[in-house]
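Keep the view open as you follow the questions.

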Amino acid sequence: MAPNATQLTEIVPTTGATMSLADAHAREWIANRYARPDEAYTRINMITTLTGSATGADGTSDSISSRADRLILGVIRADADAIVVGAQTVRAEGYTVPRASHLIIVTASGNLSGHQLSDDALERVRLICPASVSDVVRAASPHLEIIPVPGDFSPATITRALSALGLRRLVCEGGPALATQFLSAGVVDELCVTSAPAIEPTDHPFISVQTRSHTAVAGMLADDAGFSYLRLTVS
């Protein structure tokens, strides 16, 4: 893991405003910059090394993260109704349930081995899957609520199914395959990307697309450890 930063600087807009991460108001300062007024949106929030890897040497994103990245992660999660993540990422990362939002796990098997989902928070965890495999998923995870999606199981049908449940402010945290599917499907409004100052080998980039997405820079922060925190709107 890279050395932890002590200070954030706002690069875009070019205010040059700074905030010490030790300041009691640091989280509020970050939240003001990541807040969205929309009643409904879909964000992607991921971290990548300079080589495009979403993980470090230990196979998780923790080893390429930073203090500021974790603060931003908490702010983005707190603003959302639900965090959408693939089951493979839950297994690899040892996921825990976000404090203030639902965790929606995209799965075709219901296999969540390796997770760290505490029993007292399971009421905020749901599995979403194709209706055709809902019996398999339910058998594998009988203690969790299942959201079966009939017909085409795509990012568009996933977001519609969640919206019908009142979960309209969504953050997709990957992994790379799921994030790529969401972006390629045209359902993403904003990407929040942390760039870690690290060189890691990778076979597959954190997002791999075949067509260009039209984006605009909505904001950018940088810290004194070499990390940058970019927000891109997608049109």
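The dialogue below goes from the whole chain to single features.

Q: What kind of model is this, and how many helices and strands does the protein have?
A: The model is predicted. The protein has 6 helices and 11 strands.

Q: How compact is the protein?
A: Compare its radius of gyration with the value from the globule rule. The radius here is 17 Å, close to the 18 Å that the rule gives for 235 residues, so the protein is as compact as a globular protein of that length. Along the principal axes, the C-alpha atoms fill a box of roughly 55 × 35 × 35 Å.

Q: What share of the residues is buried?
A: Look at relative accessible area: under 20% means buried. In this protein, buried residues make up 51% of the 235 residues.

Q: How do helix 1 and helix 2 pack?
A: Start with the angle and the distance between axes. Helix 1 covers residues 26–34, and helix 2 covers residues 67–79. They pack at an angle of about 55°, with their axes 9 Å apart. Angles from 65 to 115 degrees count as roughly perpendicular, and those under 35 as roughly parallel. Helix 1 and helix 2 are therefore oblique to each other. Their crossing is right-handed.

Q: Which residues meet where helix 1 and helix 2 pack?
A: Helix 1 brings Arg27, Ile30, Ala31 and Tyr34. They meet Leu71, Ile72, Gly74, Val75, Ile76 and Ala78 in helix 2. Sort these residues by type: 8 are nonpolar, 1 is polar and 1 is charged.

Q: Which residues is Thr18 in contact with?
A: Leave aside neighbours within four places in sequence. Thr18 is then in contact with Gln7, Leu8, Thr9 and Trp29. Now take Gly174, 156 residues from Thr18 along the chain. The C-alpha atoms of Thr18 and Gly174 are separated by 30 Å.

Q: Which residues in helix 5 are buried, and what follows helix 5?
A: Helix 5 covers residues 155–164. Pro155, Thr157, Ile158, Thr159, Ala161 and Leu162 are buried there. Helix 5 is followed by Gly166, whose phi is positive, near 85°.

Terms used. Residues are numbered from 1 along each chain as its sequence is written. This is a predicted model: local features need pLDDT of at least 70, side-chain atom pairs count only at pLDDT 80 or more; totals for chains, interfaces and linings use all residues. Side-chain values use heavy atoms; hydrogens and water are left out. Axes are lines fitted to C-alpha atoms, for helices over the stretch in contact, and angles run from 0 to 180 degrees between N-to-C directions. Helices (H or I, at least four residues) and strands (E, at least two) are DSSP runs, numbered from the N terminus. Angles under 35 degrees count as roughly parallel, over 145 as roughly antiparallel, 65 to 115 as roughly perpendicular and the rest as oblique. A crossing is left-handed if the near helix is turned anticlockwise from the far one by less than a right angle, and right-handed if clockwise. Contact means heavy atoms within 4.5 Å. Ala, Val, Leu, Ile, Met, Phe, Trp, Tyr, Cys and Pro count as nonpolar, Asp, Glu, Lys and Arg as charged, and the others, Gly among them, as polar. Buried means under 20% relative accessible area, exposed over 50%, partly exposed in between (1.4 Å probe, protein chains only). The radius of gyration is taken over C-alpha atoms; the globule rule is 2.2 Å times the number of residues to the power 0.38.
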